[in-house]
Amino acid sequence: MWSSHKPNQRQKNERKRRQQVQGSQAAGASPVKGKPVRGRQRFLFHRVNDIPLKYKFLLIYLLCVLLPIIAINSFFYQRNSEDIQAREVENLRKSIDRASGELLGMINEGIALNHSIGMDNSIYEALDRTYASPSAYYDEYYGFLRDKLTRYMSANITEVRVYTDNQTIQTGANYHVMSSSTLGSQPWLQQLARSGGNITVAAYDETSGLNPGKRLSIVSKMNTYISHARYDKYSRVDLTVSKVYDILNRERDSLQLRLVDNENRVVAASGDGNEDDLEIVPNPPLPEHEDNTGYVVERNLGDFNYVKGWKLIGIADTRRIDNLLNEAHRSILLLAIFSTVIPSLLIFVILRSYHDRVKRLSDHMENIRHERFEPINMPEGSDEIGELIRTFNVMTMRITTLINDVYKLEIRQKSFELERVRTELSMLQSQVNPHFLFNTLNALLVVCTKNGYTDVTGIIKNLSLMMRQLLSRADGLVLLEEELQFTSMYLQIEKFRFGDLFDYTFNIEPAALKQRIPRMSIQPLVENACKHGLQARKSDRSIRITAHMDKYGLNVMVIDNGIGMPPERLQQLLQNMKSDEAMEGHIGIRNVYRRLELFYEGEADFILHSEAGTGTEAGFRIARAELDGEGHFRRRESG
């Protein structure tokens with residue numbers, strides 16, 4: 001595709017930029033060692049240079065300020081939350097270990113007391129004796145048995161009792177006589193039987209006696225001495241239940257505790273106070289949302305057989321942990337806001353100072369591209385950008401001075417050139433005397449009509465209309481639709497000339513029909529195609545005329561399937577078309593080229609492309625600004 005027009009400064013800069021990019025890409029593709037890496041680096045830098053300035057600032061803020069602050073604060077919040085949870089879980093473990101140790105100490109104290117009673121041979125001998133009368137027993141009681149058990153009492157021991165089925169003993173104080181059937185119905189004795197051992201820890205509700213209520217007892221069978229085994233004997237050491245509640249409630253601020261026996265019953269729980277008459281109930285299962293939180297701790301009381309199955313369950317009070325986490329969340333949030341807002345404000349102020357001045361400088365540079373040399377009126381500053389603005393203002397003032405100095409001379413030269421072109425156009429149009437030809441055609445039309453020569457009549461009529469339009473229209477801009485009508489009449493004449501060996505088509509976009517173009521811009525191109533392209537072709541001669549609008553403007557092309565021309569002939573034709581030398585043939589092409597230069601001053605491109613044996617494409621492209629009248633308005637303003 002050949003394009004002939006006066007290149008403006010914008011197009012020169014664009015070509016220079018493309019050459020630089022192509023040079024950079026070629027350097028990146030070099031096979032020399034190290035070149036591809038440098039080429040990729042250059043490509044990356046070029047891509048960064050293509051990003052608008054405001055988006056670069058936004059990327060700097062997001063990637064270098066906001067994202068790191070969010071990541072750091074999120075990391076600190078996560079670590080702080082994990083530390084709080086780990087610390088609280090460790091405190092829970094310590095609390096339940098402390099409570100389980102104290103409870104096991106109470107039980108071991110009862111076990112030791114029970115063991116002391118079971119190892120006392122004198123008690124076995126006194127309880128295994130058959131007394132002749134109650135008075136005989138009382139003599140033994142007051143003389144020996146009365147203080148035998150009370151000396152073991154302590155703050156953790158409520159009561160010590162010995163049970164036997166020796167009916168000669170009188171029930172009272174720490175010694176109780178029960179029948180074999182009654183003895184077997186006692187709940188503490190049933191738990192001892194279910195344990196399968198000689199000693200166990202029993203939890204039960206006492207319903208008989210003077211002080212009914214909850215009991216936690218160390219129960220053992222007294223069978224150490226076989227020689228004193230005439231009667232069954234059992235010892236029961238009752239622990240102080242209120243002391244158990246004190247131990248559980250001591251950790252009440254951090255967790256709720258449950259003491260569960262070997263039958264999975266809640267013996268005591270924190271928060272129940274010191275009420276010994278609360279019932280022993282089955283241990284309720286934990287809700288799933290509490291069981292999966294990690295704040296439920298379970299401890300076995302020990303590995304001894306007498307506490308096998310006994311455990312202490314601690315449930316953390318999550319409200320306290322939630323308060324600690326919320327406080328940490330608020331602190332991290334305040335820190336995040338403080339560390340985000342202040343740097344953001346500082347960066348906004350600094351980058352706005354940079355961006356506003358660079359944007360104003362860029363806008364005024366764009367105005368220079370459109371030949372508007374306006375200085376930048378704003379506080380410049382003393383940094384590098386301020387120096388650029390001052391230099392730009394000096395440059396615009398010097399350019400304005402130069403324009404004012406040479407403007408009148410340039411206008412005078414353009415006026416002389418315009419007059420020369422107009423004179424040349426008048427000479428070209430005066431090569432044919434249309435008045436004489438028009439009168440002759442009218443006479444021929446009358447004769448052909450009288451004699452019935454219909455084919456010749458249509459051709460003469462079209463030729464007459466062409467002459468009428470040449471005489472009536474001024475030398476200026478016409479609608480594309482009118483120019484196409486004129487061209488269609490010429491093509492009908494050529495159709496008559498070539499007959500079935502010639503055909504033509506129009507491919508016109510409706511939006512293009514109302515655009516204004518220079519008069520006699522299409523018909524000369526069609527005439528040149530018929531004369532130089534199709535005349536030497538023997539058959540299937542065709543011409544296609546297209547016109548459409550795109551984002552650049554109006555595009556008009558005349559395409560033939562003639563003999564075309566070689567590249568050297570095409571190059572010579574383009575050179576002659578631009579020069580003032582005389583041309584042999586192709587006068588119509590030079591006329592169209594000169595009209596485009598005259599009306600649009602470099603804002604319209606003349607297009608000529610040809611290949612030998614294939615055909616020729618000739619046409620032009622007019623910028624959209626020229627079609628809208630903006631280009632003429634700017635030139636009138638600058639003039």
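Colleague: In the largest nonpolar core, which residues touch the most other members?

Modeller: In this predicted model, Ile107 and Trp310 touch the most other members of that core, which holds 55 residues. Helix 3 (residues 53–118) gives the most to the core, namely eleven residues. A second, separate core has 39 residues, among them Ile522, Val556, Ile589 and Phe606.

Colleague: Leaving aside neighbours within four places in sequence, with which residues is Ile107 in contact?

Modeller: With that exclusion, the contacts of Ile107 are Val201, Ile218, Leu239, Leu301, Tyr306 and Val307.

Colleague: How is a pair of aromatic rings described?

Modeller: One gives the distance of the centres and the angle of the planes. Here the count comes to 14 aromatic pairs. In one of them, Tyr593 and Phe606 are edge-to-face, with 6.2 Å centre to centre and 85° between the planes. Tyr593 belongs to helix 17 (residues 587–600) and Phe606 to strand 17 (residues 604–611), so the pair ties together parts that are 13 residues apart in sequence.

Colleague: Are Tyr593 and Phe606 buried or exposed?

Modeller: Both Tyr593 and Phe606 are buried. Elsewhere, ring pairs join Tyr131, Tyr137, Tyr138, Tyr141, Tyr142 and Tyr175 into a cluster.

Colleague: Where is Thr224 found?

Modeller: Thr224 is in the loop between strand 5 (213–221) and strand 6 (233–239). Its relative accessible area is 38%; because buried means under 20% and exposed over 50%, Thr224 counts as partly exposed.

Colleague: What does the side chain of Thr224 reach?

Modeller: The side chain of Thr224 reaches the backbone oxygen of Gly118 at 3.0 Å. Thr224 and Gly118 are 106 residues apart along the chain, yet their C-alpha atoms are separated by 6.6 Å.

Methods
Residues are numbered from 1 along each chain as its sequence is written. This is a predicted model: local features need pLDDT of at least 70, side-chain atom pairs count only at pLDDT 80 or more; totals for chains, interfaces and linings use all residues. Side-chain values use heavy atoms; hydrogens and water are left out. A nonpolar core is a set of buried Ala, Val, Leu, Ile, Met, Phe, Trp, Tyr and Cys residues joined through side-chain atoms within 4.5 Å. Buried means under 20% relative accessible area, exposed over 50%, partly exposed in between (1.4 Å probe, protein chains only). Helices (H or I, at least four residues) and strands (E, at least two) are DSSP runs, numbered from the N terminus. Contact means heavy atoms within 4.5 Å. Rings of Phe, Tyr and Trp (its six-membered ring) pair if their centres lie within 6.5 Å; planes under 30 degrees apart count as stacked, over 60 as edge-to-face and the rest as tilted. A polar contact is a pair of N or O atoms within 3.5 Å; within protein, one must be able to donate a hydrogen and the other to accept it, and residues adjacent in sequence count only if both atoms are side-chain atoms.
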